[in-house]
Amino acid sequence: MKKKLLAVLTTVMMAFSLFPSVVSAATAPTVKVDKPDVFTVGQTEEFSISTTGGSKAGTMVKGFSTVTGDTSIAKIEYYETADGKWYELTGDSFGPQSGFPLGDFTSKFRVTFKEAGSVNAKIEIKTTDGKDVLAETTAEFKAVPAPHAHTPVEVKAQEPTCTEDGNIAYWYCADCGEYFSDEALTKEISKEDTVVKAAGHHAVKVEATDPTETDSGNIAYWYCADCGKYFSDAALTKEISRDDTMIPALGQSKENESTDNPKIGDSGMTLWISLAAISALGLVGTIILNKKRRTGK
Ligand SMILES: [Zn+2]
Ligand SMILES: [Zn+2]
């Protein structure tokens, strides 16, 4: 890169030497770079380097450059005014090594970046012995990625449930990982923006009711009409079935007990018979006592 820019400078100066310098007043010579603020990776874009000779016009000079940055530049070309063609700058020695007479000239260049990056160049015009700097400037050559052609995939909207997140309709480009809320891909959003949060249950408490002879009752429970689920706790952590909430009517309960448990009936009968027997004995006892009293008279 450093060599290339040096070669660029040499080319500029060669071009300058082709033209007669304008005799100017006692002003300092200058060098400047005109270029886009930002270059685009993969595109070939022009820039120019200009010098003014000022009071030093005609002085034999050399161009030097100090470059810092990366190796993101793929190619630098110069425009040859002699034949009107672009030539790639190659090699570390280009043009006359003996220098050239300084003058007021502009030379065209173009650069192609192979990747995004930034190169800083310090350009100096020095006397051929390298002792005096007659003019200098710095320039940053910065390149950004070219606009990328998306290959979007449409994702349909999905309603959230009480417990599962849903999403809005969106378009996603797997190549660059970007999300858009419109099919035209003009409104970029984040992945988080696509999420429609689960609403959570909207549970209503149903108070407990006692069963009657004919009507069933229920335990206290919580019901979410949104998803139709039943819970036995206010925190909605214990899901139960609708049947689990119900307490059967008492009438049903007795019938069930008598049929399911006939022994209870038997023991009840036994108790009744016993009581009847005791009563009978009591009656007999009373009669006997009455008879004895009569006999005693
Ligand atoms: Zn993309
Ligand atoms: Zn719910």
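These legends accompany close-up views of a predicted model.

**View 1. Donor set of the zinc ion (ligand 1).** Four protein atoms coordinate the zinc ion (ligand 1): NE2 of His-148, ND1 of His-150, and SG of Cys-173 and Cys-176. The arrangement is tetrahedral because the four donor atoms subtend angles of 100 to 117°, and four donors count as tetrahedral if all angles lie between 85 and 135 degrees. The ideal angle for four tetrahedral donors is 109.5 degrees.

**View 2. Chain context of the zinc ion (ligand 1).** Along the chain, the donors of the zinc ion (ligand 1) have the spacing H-x1-H-x22-C-x2-C. Within this set, His-148 and Cys-173 link distant parts of the chain, 25 residues apart. His-148 sits in the loop between strand 10 (133-144) and strand 11, and Cys-173 belongs to strand 13 (residues 170-173). Cys-173 is buried, at 1% relative accessibility, whereas His-148 is partly exposed, with a relative accessible area of 35%. Buried means under 20% relative accessible area, so Cys-173 at 1% falls in that class.

**View 3. Donor set of the zinc ion (ligand 2).** The zinc ion (ligand 2) is held by SG of Cys-162, ND1 of His-201, SG of Cys-224 and SG of Cys-227. Distances from these donors to the zinc ion (ligand 2) are 2.2 to 2.3 Å. Angles among the four donor atoms of the zinc ion (ligand 2) are 99 to 115°, and the site is tetrahedral.

**View 4. Chain context of the zinc ion (ligand 2).** The donors of the zinc ion (ligand 2) follow the pattern C-x38-H-x22-C-x2-C along the chain. Cys-162 and His-201 are 39 residues apart and link distant parts of the chain. Cys-162 lies in the loop between strand 11 (152-155) and strand 12 (166-167), and His-201 in the loop between strand 16 (195-196) and strand 17 (203-206). Cys-162 is buried, with 9% relative accessible area, while His-201 is partly exposed, at 22%. A search of the whole structure for disulfides finds zero.

**View 5. Surroundings of Ser-72.** Ser-72 occupies the loop between strand 4 (60-69) and strand 5 (73-80). The residue Ser-72 is buried, with a relative accessible area of 0%. Apart from neighbours within four places in sequence, the contacts of Ser-72 are Phe-113, Lys-114, Glu-115, Ala-116, Gly-117, Ser-118 and Val-119.

Conventions: Residues numbered from 1 in each chain as written. Chains lettered and ligands numbered in written order. Predicted model: local features only at pLDDT ≥ 70, side-chain atom pairs only at ≥ 80, totals over all residues. Heavy atoms only, no water. Donors = N, O, S within 2.8 Å, 3.2 Å for Na, K, Ca; no water. Tetrahedral: all angles 85-135°; square planar, octahedral: opposite > 155°, others 65-115°. Helix = DSSP H or I, 4+ residues; strand = E, 2+ residues; numbered from the N terminus. Buried < 20%, exposed > 50% of the residue type's maximum accessible area, 1.4 Å probe, protein only. Contact = heavy atoms within 4.5 Å. Disulfide = S-S within 2.5 Å.
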